[in-house]
Amino acid sequence: MHEPSISCVIPARDTAAFLGEAIDSVLGQRYRADRIEVVVVDDGSVDATPSILHGYGHRIRRIRHERPLGVNAAVEAGLAACTGDLITRLDADDAYTPARFQMMARAFASNPDAGLVYSDMTVVDGAGEVLAPSFNRAMGIAPVSGRVLSRLVRGNFVSAGAMMFRAELLARILPFPPHAGVHDWWIALQAAWERPVVAISPSLYRYRRHEANLNLGRSGPARLPLLRRELPLRRWLLRTVPVELVGGEAMLLALRAFDAQLAQVAAFGDEPAAPAD
């Protein structure tokens with residue numbers, strides 16, 4: 001079987017404690033080493049991150065932001081530098097399981113029309129101990145395959161670490177528009193707009209839950225920053241997605257989801273959020 005080249009983008013900012021494990025989990029894949037590209041974007045780190053990256057030499061590509069620009073800007077810079085046939089993401093405090101690239105490449109080979117493949121994840125703590133063997137079960141997510149845009153307009157169910165997508169979709173994905181504050185949802189939407197999506201059941205990603213996590217695992221008022229970042233994308237979906245493409249019921253559910261999130265922002269925050277019009 002032809003082995004497509006795979007590019008992995010790792011945004012990193014002051015993650016020296018876990019960064020080596022993350023990079024090693026890419027370089028240690030059961031996949032041809034000459035078909036793997038690792039692009040690490042150091043987003044203005046002031047800890048030991050730069051020296052750790054220097055130690056990998058030519059085995060990785062490094063992009064340095066002299067001042068922090070945020071995770072979206074780091075991911076965007078990394079994606080723009082990728083040369084692989086398939087592209088995937090890894091947070092600098094997480095890790096891949098050894099067969100991830102092999103299994104996802106096989107899923108693409110078995111589904112040549114698919115634009116994106118995603119898996120389940122294992123949730124671990126700061127020490128690497130398993131908290132939940134299945135992120136999907138823990139969060140009540142029912143994975144779906146096929147034409148899934150009608151479900152994605154209601155909310156995202158494909159996290160950054162779970163996905164791999166075809167590089168040809170970059171023309172749709174980049175640059176991230178101002179309303180794409182949550183880049184994994186944006187990527188999933190663009191893939192689903194164009195092509196079928198394939199869910200595979202194994203947990204191929206080790207998601208580390210700790211106090212510095214940006215999104216997953218947060219609840220209550222701690223979710224307020226994420227909720228605020230999602231609202232512009234939800235508003236854009238309601239204004240942009242043709243009803244005939246996803247169906248009236250899907251758009252009605254998307255509107256209800258927007259209203260519910262707006263209410264959460266109002267409840268947790270100290271200022272009202274703008275309605276969808």
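Ser134 is buried, with a relative accessible area of 5%, where buried means under 20% relative accessible area, exposed over 50% and partly exposed in between, computed with a 1.4 Å probe on protein chains only. This is a predicted model, in which local features need pLDDT of at least 70 and side-chain atom pairs count only at pLDDT 80 or more, while totals for chains, interfaces and linings use all residues. Residues are numbered from 1 along each chain as its sequence is written, and side-chain values use heavy atoms, with hydrogens and water left out.

**Surroundings of Ser134**
- Ser134 lies in the loop between strand S7 (130-132) and helix H5 (135-139), the helices (H or I, at least four residues) and strands (E, at least two) being DSSP runs numbered from the N terminus.
- Leaving aside residues up to four places away in sequence, Ser134 touches Asp120, Met121 and Ser203, contact meaning heavy atoms within 4.5 Å.

**Helix H8**
- The twelve residues of H8 (residues 183-194) should span 16 Å at 1.5 Å a residue, and the 17 Å between its end C-alpha atoms agrees with this; the expected span is 1.5 Å times one less than the number of residues.
- Because ten of its twelve residues are buried, H8 is largely enclosed by the rest of the structure; among the buried ones are His183, Asp184, Trp185 and Trp186.
- The axes of H8 and helix H9 (residues 224-240) come within 11 Å and cross at roughly 20 degrees, the axes being lines fitted to C-alpha atoms over the stretch in contact, with angles from 0 to 180 degrees between N-to-C directions.
- H8 and H9 are therefore roughly parallel to each other, a label for angles under 35 degrees.
- In this pairing, Trp185, Trp186, Leu189, Gln190 and Trp193 of H8 meet Glu230, Leu233, Arg234, Trp236, Leu237 and Thr240 of H9.

**Nonpolar cores**
- Of the 79 residues in the largest nonpolar core, Ile10, Val26, Leu79, Phe101, Leu116, Phe165 and Ile173 touch the most other members; such a core is a set of buried Ala, Val, Leu, Ile, Met, Phe, Trp, Tyr and Cys residues joined through side-chain atoms within 4.5 Å.
- H8 supplies the largest share of this core, seven residues.
- A second, separate core of six residues includes Leu231, Phe258, Leu262 and Val265.

**Cysteines**
- The structure holds zero disulfides, a disulfide being a pair of cysteine sulfur atoms within 2.5 Å.
- The sulfur of Cys8 has its closest cysteine sulfur in Cys82, 8.3 Å away and too far for a bond.
- Cys8 counts as buried at 0% relative accessibility, and Cys82 is buried with a relative accessible area of 13%.

Key: Angles under 35 degrees count as roughly parallel, over 145 as roughly antiparallel, 65 to 115 as roughly perpendicular and the rest as oblique.
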